[in-house]
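Reader: Please take one part of this model and examine it closely, setting out its geometry, its packing and its surroundings in a connected account.

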Amino acid sequence: QGSELSGWAMGRWTYEGIDLNHNFADLNTALWDAEDNDLVPHEFPNHYIPIPEYYTFANATVAPETRAVIDWMQRYPFVLSANLHGGELVVTYPFDMTRTYWKAQELTPTADDGVFRWLATVYATSNLAMASEERRLCHYDDFTRFGNIINGANWHTVPGSMNDFSYLHTNCFEITVELSCDKFPHASELPAEWENNRESLLLYMEQVHRGIKGVVRDRDTEQGIANAIISVDGINHDVRT
């Protein structure tokens, strides 16, 4: 059908009819309900939120690809990630789901909004296509007004996104990169797409060196302590060793 004519939904669903982009467990609702009832973090955690029991049932509508990725995330302590999409030129950051459940769009920042905005900006400002003064709009949204970054929920709500799941269930900070106007660029265009994103990918990976890092040790034995909770004043989202 051609790279410009296939439509946004083409190729979105798996053979089983599951949209992987919405298939992760919704941990946002449980967190926000607990916050509304003043249960966070003393009675309900603000991080490492457990997966709901219904989501683990064999008959739950969860794709094998999604289960495999969750298993992968639980086995390796990732701290930085990006997932790559097509169809727009913009970088989105969590939350992807609106806090007001009936709203299709709503600014819904995380407790680490400053960090996420920085990560998105690093990618967007170094991406040749996004930063080009000659770039055209992909469709009707003018993301150049916002520096080619946007809070995911403020664009369109995505319950069960990988970004929100990563942030609430693991230590990982994840963003979405919409890296091309065309979802299906021609083979001849791929070298240019690579050049557009190469430096962005490298600079983004380098951001793992930002912030506080170290080892939490037992004072007497000097052995590392697993699952020590690290809290920062003023940020209602902890991380763990």
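**Helix α4 and its partner**

Author: Helix α4 passes helix α8 in a right-handed crossing, a crossing being right-handed if the near helix is turned clockwise from the far one by less than a right angle, and left-handed if anticlockwise. The model is predicted: local features need pLDDT of at least 70 and side-chain atom pairs pLDDT 80 or more, whereas totals for chains, interfaces and linings use all residues. Residues are numbered from 1 along each chain as its sequence is written, and side-chain values use heavy atoms, without hydrogens or water.

The axes of α4 and α8 (residues 190-206) lie 8 Å apart at an angle of about 150°, axes being lines fitted to C-alpha atoms over the stretch in contact, with angles from 0 to 180 degrees between N-to-C directions. The two helices are therefore roughly antiparallel, the term for angles over 145 degrees. Contact (heavy atoms within 4.5 Å) involves L119, V122, Y123 and S126 of α4, and N196, N197, E199, S200, L201, L203 and Y204 of α8.

As for length, the 14 residues of α4 (residues 113-126) should span 20 Å at 1.5 Å a residue, which agrees with the 20 Å between its end C-alpha atoms; the expected span is 1.5 Å times one less than the number of residues.

Elsewhere, an unreviewed UniProt entry lists E178 under "active site"; such annotations may be inferred rather than shown by experiment. E178 is found in strand β4 (residues 173-180) and is buried, with a relative accessible area of 9%.

Notes
Helices (H or I, at least four residues) and strands (E, at least two) are DSSP runs, numbered from the N terminus. Buried means under 20% relative accessible area, exposed over 50%, partly exposed in between (1.4 Å probe, protein chains only). Angles under 35 degrees count as roughly parallel, over 145 as roughly antiparallel, 65 to 115 as roughly perpendicular and the rest as oblique.
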